[in-house]
Structures are given as structure tokens and as C-alpha cells.
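Here is a walk through one protein chain. Please keep the sequence and the structure open while reading.

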Amino acid sequence: MPALQTLPDATPAADTLATVAPTAAEPSFAETLRGGLELLFLGGWSMVPIVLLSIIMVWIVWERFRALRRAKGDPETLTRNVAEYVQAGDIHGAIAYCRERSSPASRILQRGLERLGRPISEIKEAVQEAGRREAFSLEKRMDLLASVAAIAPMLGFLGTVTGMIAAFQQIQAYEGLASPAVLATGIWQALVTTAAGLAVGLLALFAYNLLIGRITRLVHDLERVTSDFVDLLQTPGRR
């Protein structure tokens, strides 16, 4: 009886091919960064204002977060300590205490303390005016950040439209015989501006809403400090 012939195993061959096939080296950080910069420059002229808007956005967000962190404090403790100074009749001590704190709430109270002795209507008006100035200072440059969030996507769309116009001009120049590779290059280069503009706009909008939320809470605290101070002066026995 003839011996059965066994088929050769294909697994070693596959392993050999997998071993022989070259493995692609992962790009380094420098190569990735260089590729990203080249991609930005290929986006066309509209990438220049988009990059500038991104720099402005980062600067505004960093500056506003620092300003809001300095402005944040403990308004309840501040109002309570000032009330103790006023009850004890130490107005100069209360003014010095507010000057040492150097926060929006302390500056509002300092403005009112410096008007003590005048009619309550004048004191109230001075405190409210100081509160409006501090609220305006907290909201500084937020309109510019909102403009960045609105303008960046529009610039991206404008770059895409101009890029598509250039792509169709190539079709006309080649009398409709332009290769798909040429058209694809022009189209994806045009779409780079849309992606960049949307990215900058979304980040600016997120930062704007986050900052506006913090500013609203701080302004609410300032209004409460103003109201508590006026109530303190109108309370019988403490006036």
C-alpha cells in the first residue's frame, strides 16, 4: 500500500513572508511637526489670519484666566470683617483692610467706606458705580474672543471656496482632461483651511462660554457684596 503524501504546511511560509516584509518605522516627533507645518502652509493665504487668530485666542484665554483667578475671593468673609470694623467705629481700619485685599469686592467696599458721612443715596451711587467699573474690567477683551470664534470659521470657508475656484480653473485649463490626482490635491488643500478655521472657532467658543460663566458668578458675588454693604449702613444702630 503506497504511503500517503502529506501536504506541506503553509504556516511557515506565511511566517517567513511576514518576517521578510519590512516594517514601517514610526515617524518621529520632529517629522510629525514638520508634516503638520507643511500641511498648514499648503492651505493657502487664508491660513495666515487663522494662525494669527489662534495666537490671539490663546493670549486672551491665558490673560483672562489669570485675571479671574486674582479676582476670585471670599466675599462673605470680606463683608463680615468689614461689618465688624464698622460696628466698632474703626472706619480707617476697614479701609486699610480693604486696601490690603486688593480685589474687586474690596475695592467696591473701600469706595463706599470712603463716602461714609454723606447721604446714603450718594454712598449707594458710589458703590454701584464702583461695581459697574469692576464688572466692565472683568468682561474686558471678551468681545474680541467672541469675534475670533465667529471669524475663524468664516476665514476657513473663504479659503475653501477660493481653493475650489482654483481647482475648477485647472479643469478649464486642461479642457476637462485634468487628472483626478491633480484635482484631489487642490481640493484637499482647500479643505485644510475649513478644518483649521473650525478648530480655532470651536476652541474659542468653548473658552468664551467657560469664561463668561466664571465672570457671571463673580459679578453676582459683587452685586451681593454691594447689597449687603448698603443694608449694613441702613440698619438702625449700625449707621
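This is a predicted model: local features need pLDDT of at least 70, side-chain atom pairs count only at pLDDT 80 or more; totals for chains, interfaces and linings use all residues.

Ile91, Ala94, Ile95, Cys98, Arg99 and Arg101 of α5 are in contact with Ser106, Leu109, Gln110 and Leu113 of α6. The two elements span residues 91–101 (helix α5) and residues 104–113 (helix α6), and their axes come within 8 Å, crossing at roughly 155 degrees. Angles over 145 degrees count as roughly antiparallel, so α5 is roughly antiparallel to α6. The crossing in which α5 passes α6 is left-handed.

These helices belong to a chain with nine helices and zero strands. Along the sequence, the pattern reads α-α-α-α-α-α-α-α-α. Of the contacts in the chain with a separation of 6 or more, 77% link residues 24 or more positions apart. The chain has 239 residues, and 33% of them are buried. Its accessible surface comes to about 15,600 Å², and carbon and sulfur atoms account for 63% of that area.

The average pLDDT is 78, with 72% of the residues scoring at least 70. Where is confidence lowest, and where is it highest? The lowest mean, 46, falls in helix α1 (residues 11–20), and the highest, 91, in helix α3 (residues 47–71).

Two stretches should be read with this in mind. Over residues 1–7, pLDDT stays under 50, and the model has zero contacts beyond four places in sequence for them. Residues 10–22 also stay under 50 in pLDDT, with zero contacts beyond four places in sequence.

How values were computed. Residues are numbered from 1 along each chain as its sequence is written. Side-chain values use heavy atoms; hydrogens and water are left out. pLDDT is the predictor's confidence in each residue, from 0 to 100. Helices (H or I, at least four residues) and strands (E, at least two) are DSSP runs, numbered from the N terminus. Contact means heavy atoms within 4.5 Å. Buried means under 20% relative accessible area, exposed over 50%, partly exposed in between (1.4 Å probe, protein chains only). Accessible areas come from the Shrake-Rupley method with a 1.4 Å probe; for residues, only the protein chains shown count as cover. Axes are lines fitted to C-alpha atoms, for helices over the stretch in contact, and angles run from 0 to 180 degrees between N-to-C directions. Angles under 35 degrees count as roughly parallel, over 145 as roughly antiparallel, 65 to 115 as roughly perpendicular and the rest as oblique. A crossing is left-handed if the near helix is turned anticlockwise from the far one by less than a right angle, and right-handed if clockwise.
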